[in-house]
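Here is a short briefing for a first look at this structure.

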Amino acid sequence: MANKKINKKDIAKLLNQWGQQFAVFVPSRESGVAAMAKWDGKDTSFLDWYRNTVVPPKSNFLPPMEEMFRFQKDKEGYQIELPPDGGKQLIFGIRPCDARAMAIIDANFKDLYQDPYYLSRRNSAVLVGLGCDNPSESCFCTSMGVSPAESNDVDLMLTDIGDEFLIEEVSDKGKELIAKTTGLKGATKDDEAKAKEAKKTSYDKVTRKLDTEGIADKLQASFDDEDFWEKVAAKCVSCGICTLLCPTCYCFDINDELVRQQGTRFRSWDSCGFPTYTKMPMENPRAEKWRRVRQKVCHKFEFYPMSFDVIACTGCGRCIRLCPVNWDITQVLESVPAKAKVRK
Ligand code: SF4
Ligand code: SF4
């Protein structure tokens with residue numbers, strides 16, 4: 001199937017067309033923080049300013065806080081009321097790193113346990129990727145097997161070729177959507193050549209590199225090296241930003257709010273960086289900050305690969321550019337000692 005293309009001036013029309021079938025989300029910076037927000041039907045200014053969102057699109061599938069159900073006790077027992085289905089979403093402009101992040105965390109939500117809240121949103125959503133042509137200094141996606149302008153984790157992929165976007169159909173879902181979409185033109189050989197060049201240019205713009213060869217083994221060997229982990233954790237202030245805004249972090253806490261005989265169960269993002277995260281009545285196995293920092297690093301680069309055969313990091317760079325004390329995961333991983341050193 002030949003690729004399609006669309007003039008940038010017609011993107012609003014395209015989004016409105018798709019908006020008849022989906023709740024369309026686009027990059028937005030309401031309140032000064034870039035996040036995917038519901039399309040307002042006209043504003044396409046994100047095409048000029050958008051590099052990547054601060055809040056990753058995981059929030060469309062695992063919201064920062066969500067109601068799981070309401071409950072009420074009566075004579076027959078507890079009556080449960082589930083929240084209404086949010087409908088089908090189309091996420092326009094997702095970057096390849098964030099689409100990969102969704103593919104990575106899918107394993108957690110569907111392999112170990114079938115999470116109905118996450119899966120119903122995920123299975124009904126369409127991801128429309130937009131190649132990244134202005135990566136940040138903190139991005140290291142190419143070291144994590146992600147290209148800034150190519151993706152197999154989206155349904156459609158758009159590449160900027162000047163006044164137009166080239167549109168590639170990546171999945172069957174993407175193909176079906178394009179078959180029902182009007183107003184697109186067929187891409188020419190010249191358009192394909194421009195897209196190829198644009199992808200290469202984007203790839204070459206990612207200059208930060210991380211060598212992950214043997215990283216899981218090195219982390220395993222250094223697990224009990226307290227001196228190393230204390231040094232690594234020294235400047236961290238346990239704010240949790242690097243985990244809450246990481247597209248591959250998915251920890252949540254569950255709480256009930258109860259008033260007399262009725263209440264709500266909700267879940268909200270949590271972070272292994274918080275001192276209370278593992279607090280239990282008798283003990284806290286990660287009371288010291290270095291243990292929590294070790295957990296964050298080892299979970300992504302050692303434990304997750306052990307469980308799912310994939311590193312839980314896409315090199316999106318958020319944890320580097322958003323950390324208030326410039327903690328840098330690439331520097332940390334490069335400094336992991338090759339051999340174990342255990343404090344006597
Ligand atoms: S963002 Fe920085 S200071 Fe905050 S928890 Fe992460 S490493 Fe620590
Ligand atoms: S660990 Fe950092 S670079 Fe890796 S996916 Fe998370 S926020 Fe992005």
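A residue is called buried under 20% relative accessible area, exposed over 50%, and partly exposed in between. Glu-226 has a relative accessible area of 26%, so Glu-226 is partly exposed. The model is predicted.

**Contacts across the sequence**

- Glu-226 has its place in helix α8, which covers residues 226-233.
- Along the chain, Glu-226 and Arg-294 are 68 residues apart. Their C-alpha atoms are separated by 9.7 Å.
- Arg-294 also meets a ring: its charged end sits over Phe-223, 3.6 Å from the ring centre.
- Ala-149 lies in the loop that runs between β7 (126-130) and β8 (156-160).
- The relative accessibility of Ala-149 is 2%, so this residue counts as buried.
- Ala-149 and Thr-201 are 52 residues apart in sequence. In space, they are 9.3 Å apart from C-alpha to C-alpha.

**Aromatic rings**

- How many aromatic pairs does the count come to? The count is 11.
- One of these pairs joins Phe-46 and Phe-92. The centres are 6.1 Å apart, and the planes make an angle of 70°. That pair is edge-to-face, because its angle is over 60 degrees.
- Phe-46 belongs to helix α2 (residues 46-49), and Phe-92 to strand β6 (residues 89-94). The pair therefore ties together parts that are 46 residues apart in sequence.
- Both Phe-46 and Phe-92 are buried.
- The rings of Tyr-304 and Phe-308 have centres 4.7 Å apart. Their planes stand at 50°, so this pair is tilted.
- Helix α10 (residues 289-308) holds both Tyr-304 and Phe-308. They are 4 residues apart there, so about one helical turn separates them.
- Tyr-304 is buried, and Phe-308 is buried too.
- Tyr-304 and Phe-308 also belong to a cluster linked by ring pairs.

**Ligand 1**

- Where is ligand 1? The space it takes is the largest cavity.
- The residues around ligand 1 include Cys-236, Cys-239, Cys-242 and Cys-323. Ser-238, Lys-296 and Trp-327 are also among them.
- By class, this shell has 9 nonpolar, 2 polar and 1 charged residues.

**Ligand 2**

- Ligand 2 sits in the second largest cavity.
- Among the residues that surround ligand 2 are Cys-246, Cys-313, Cys-316 and Cys-319. Phe-140, Lys-300 and Arg-318 are part of the shell too.
- The shell around ligand 2 divides into 6 nonpolar, 3 polar and 2 charged residues.

**Positive phi angles**

- Most residues other than glycine have a negative phi.
- Ser-238 is not a glycine, yet its phi is positive, at about 55°.
- Ser-238 lies in the loop between α8 and α9 (241-244). Its relative accessibility is 16%, so Ser-238 counts as buried.
- Asn-326 has a positive phi too, near 60°.
- The loop between α11 (318-321) and α12 (329-334) contains Asn-326.
- Is Asn-326 buried or exposed? At 55% relative accessibility, Asn-326 counts as exposed.

Methods:
Residues numbered from 1 in each chain as written. Chains lettered and ligands numbered in written order. Predicted model: local features only at pLDDT ≥ 70, side-chain atom pairs only at ≥ 80, totals over all residues. Heavy atoms only, no water. Phe/Tyr/Trp six-rings, centres within 6.5 Å; stacked < 30°, edge-to-face > 60°. Helix = DSSP H or I, 4+ residues; strand = E, 2+ residues; numbered from the N terminus. Buried < 20%, exposed > 50% of the residue type's maximum accessible area, 1.4 Å probe, protein only. Lys NZ or Arg CZ within 6 Å of the ring centre and 35° of its normal. Near = heavy atom within 4 Å. 1 Å grid on protein atoms, 1.4 Å probe; cavity = no way out; pocket = protein on both sides within 12 Å on 5 of 7 lines; lining within 4 Å. Sits in = over half its atoms within 2 Å of the grid points. Nonpolar A, V, L, I, M, F, W, Y, C, P; charged D, E, K, R; others polar.
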